Amino acid sequence: MRLLAIGDVVGGVGLSALLESLPRLREHYAPDLMIVNAENSANGTGTSPRQAQELLDAGVDVLTGGNHTFRKRELFPLLNSEPRVLRPHNLAVKGPGTGLAVVPVDGDRNAAVINLLGAIFMDAAMSPFAIVDELVEKARERATFVFVDIHAEATSEKIALGRYLDGRVTGVFGTHTHVQTADDQLLAAGTAYISDLGMTGPHDSVIGVAADIILSRFLTGAPGRFEVADGDVRVQGAVIDADDGGLATAIQRIDLPIED
Ligand SMILES: [Fe+2]
Ligand SMILES: [Fe+2]
């Protein structure tokens, strides 16, 4: 079984780049499952229902979210009605949506996707460690393969979660920082791990936003309107292979430049 996981899609520019490159990615990697973190596709914050639908229509199996997912209230009905569109489970105690999806892969087997928010430097309702055991148990009752998107700022928290889940899930991948990490690895007990998938969007920027806007914010302290940049667009993510027992056999990073 092969998973293609795509890191934070930023703005229309990131979404178009991903949609355009999906046929190429599909042909090259032949994934059985596709997970996309879409928390920044709506002009940098949140996801519009139309964008979510576009990604699902393009064959993406599960959309994960992050700290920005509740920014677009228009998404709430879809979070409640579409089980393939997730928000971090610990983003709120109550509220629309869930952080666990189960979808079929290659015939009669299922894959589960768990979406969590970090507690360090983030507004999580509770620590991901407080809820992850129960979610993993639920996921494993229904699925052979289990993947966890830990949407978090602190690498330590992500690595700790990967270690904590090693041998119990197929893969743990981080999102949110928009900077791809070079620590893709198989952990000792068979879980694939990477601290951050990176960003699908404009890399000639400060994590997706036009650099001059962010610089002026740092230099003057005055809040400016965030505008998504448009240069050096890349699709970033990772491919994870798993055996029939649901443990990982390989992980590789993807960093695909998109020509103008
Ligand atoms: Fe993000
Ligand atoms: Fe985020």
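Q: What makes a residue in the chain buried, and what percentage of the 260 residues are buried?

A: A residue is buried if 20 or more other C-beta atoms lie within 10 Å of its own, exposed if 12 or fewer, and partly exposed in between, with C-beta atoms placed from the backbone. In this chain, buried residues make up 50% of the 260 residues. This is a predicted model, in which local features need pLDDT of at least 70 and side-chain atom pairs count only at pLDDT 80 or more, while totals for chains, interfaces and linings use all residues. Residues are numbered from 1 along each chain as its sequence is written, and chains are lettered from A and ligands numbered from 1 in the order in which they are written.

Q: What pLDDT does the chain average, and where is confidence lowest and highest?

A: The pLDDT is the predictor's confidence in each residue, from 0 to 100. The chain averages 96, and 100% of the residues score at least 70. Confidence is lowest in helix α6 (residues 211-220), with a mean of 94, and highest in β9, at 99; helices (H or I, at least four residues) and strands (E, at least two) are DSSP runs, numbered from the N terminus.

Q: How does the radius of gyration of the chain relate to that of a compact globule?

A: The radius of gyration is taken over C-alpha atoms, and the globule rule is 2.2 Å times the number of residues to the power 0.38. For 260 residues a compact globule would have a value near 18 Å, and the 17 Å of the chain agrees with this. The C-alpha trace spans about 55 × 40 × 35 Å along its principal axes.

Q: What is the order of the strands in the open sheet, and which are the edge strands?

A: Two strands pair if DSSP finds at least two bridges between them. Here an open sheet of 6 strands has the order β4-β5-β6-β7-β9-β8, with mixed pairing, and its edge strands, β4 (100-105) and β8 (185-186), each pair on one side only. Strand β5 (residues 109-117) runs parallel to β6 and is joined to it by 7 bridges, with valine 146 in β6 as the bridge partner of alanine 112.

Q: Which strands pair with β7, and is β7 enclosed or open?

A: Strand β6 (residues 145-151) runs parallel to β7 and is joined to it by 5 bridges; in β7, glycine 174 is the bridge partner of isoleucine 150. The chain crosses from β6 through helix α5 (residues 155-165) to β7 in a right-handed β-α-β crossover, meaning that, with the strands pointing away from the viewer, the path from the first strand over the helix to the second runs clockwise. β7 also pairs in the parallel sense with strand β9 (residues 192-194) over 3 bridges. Because 5 of the 5 residues of β7 (residues 171-175) are buried, the strand is largely enclosed by the rest of the structure. Both of its faces are covered, with Gly171, Phe173 and Thr175 on one side and Val172 and Gly174 on the other.

Q: Which residues of helix α2 are buried, and what do they pack against?

A: An α-helix has 3.6 residues a turn, so residues three or four places apart point the same way. In helix α2 (residues 49-57) the buried residues are Gln51, Ala52 and Leu55. They cover an arc of only 100° around the axis (taken from the directions from the helix axis to the C-beta atoms), which puts them on the same side of α2. These residues pack against α1 (11-29), β2 (33-37), β3 (62-64) and α3 (76-81), where two residues are in contact if their C-beta atoms, placed from the backbone, lie within 7 Å.
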